[in-house]
Amino acid sequence: MLSDNILRVKGQISSVCSKLKRDPASVIIVAVSKNRTAVQIKEAVASGIRDIGENRVQEAVLKFKELSAVDYRPSTIKWHMVGHLQTNKVKEAVRIFDLIHSVDSIRLALEIDRQAAVINKIQDILVEVRTSPEESKFGLKADEATEVMKEIAQLKNIKIKGLMTIAPMVDDPEKARPYFKALRELRNKICELWAMDYGLWTLSMGMTDDFEVAIEEGSTMVRVGRAIFD
Ligand SMILES: *Cc1c(COP(=O)(O)O)cnc(C)c1O
């Protein structure tokens, strides 16, 4: 049952956090509902989920509308775009998503800024970093991220809230640890450079197979699909 799954994930997060002496509430669970139905999202929300993740704009728009139509209150729910975002989908994306996790170019950021300005919105974003260069197509390389972020930070209708990474598929979650560590170190470096409190920065990392390791490495937002919906 979905509600049991959610309880189990929350339990796992609590036990990692208690070892780390961290408040479990400092880890946000984004329930990634790609390929799942609006009914399943409703069930997840009924079981206490407040953050919904989608990876395709078109699919998200349909579910968003469906849920908005049935006396659902999207204002209490945050919608997250976790997948790769194409510039021609930005217009719709800024209308529904509270947080876009996958900003990986100035070109994309400029379009988000432009479309957000049209609707008078400050769009919260995360910058996606490719911590495993050989294995993923999307995301900025760590060594170019700082420069690009400096430019994005100038845009008036965008607010950078932190960083996101997708670790490669591995057979043992321990093998994902270096990628999570790399993202945390990059965050620390950028926050030092910008004289910012890194406690305020989101680190979106960890999925079904590796979220516990990601939390040990400082994740503040885990994106969990199968462990919740299967
Ligand atoms: C699908 C997806 C997830 C969730 O993956 P699970 O392994 O099902 O937990 C997380 N992040 C992104 C970007 C995804 O596309």
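The model is predicted, so local features need pLDDT of at least 70 and side-chain atom pairs count only at pLDDT 80 or more, while totals for chains, interfaces and linings use all residues. Residues are numbered from 1 along each chain as its sequence is written, and side-chain values use heavy atoms, with hydrogens and water left out.

Start with the open spaces. A pocket is an open set of points on a 1 Å grid over the protein atoms alone, with protein on both sides within 12 Å along at least five of seven lines. Its lining residues have an atom within 4 Å of a point. Grid points are joined across faces, edges and corners, and a volume is the space filled by probe spheres set on the points.

The largest pocket holds about 740 Å³ of space. Its lining has 29 residues, and the closest to its centre are Lys34, Ile166, Met169, Met207 and Arg223. By class, this lining has 10 nonpolar, eight polar and 11 charged residues. Here Ala, Val, Leu, Ile, Met, Phe, Trp, Tyr, Cys and Pro count as nonpolar, Asp, Glu, Lys and Arg as charged, and the others, Gly among them, as polar.

What takes up the space of the largest pocket? The ligand does. A molecule sits in a pocket if more than half of its atoms lie within 2 Å of the pocket's grid points.

Lys34 has a polar side-chain atom 2.8 Å from an oxygen atom of the ligand. For Thr208, the distance from a polar side-chain atom to a ligand oxygen is 2.5 Å. Arg223 has a side-chain N or O atom 2.9 Å from a nitrogen atom of the ligand. Taken alone, the ligand exposes 390 Å², and the protein buries 89% of that (areas by the Shrake-Rupley method with a 1.4 Å probe).

Move on to the second largest pocket. It holds about 390 Å³. Of its 21 lining residues, the closest to the centre are Leu99, Asp124, Lys161, Thr202 and Met221. The largest share, three residues, comes from β7. Strands (E, at least two residues) and helices (H or I, at least four) are DSSP runs, numbered from the N terminus.

A cavity is a set of grid points where a 1.4 Å probe fits but cannot get out. One cavity reaches 30 Å³ or more. Its lining includes Glu128, Arg130, Phe138 and Ile166. The lining divides into three nonpolar, three polar and two charged residues.

Finish at Asp197, in the loop between α7 (177-193) and β8 (202-204). A polar atom of the Asp197 side chain lies 2.9 Å from the backbone nitrogen of Gly199.

Terms used. Polar contact = N/O pair within 3.5 Å; in protein donor to acceptor, adjacent residues only side chain to side chain.
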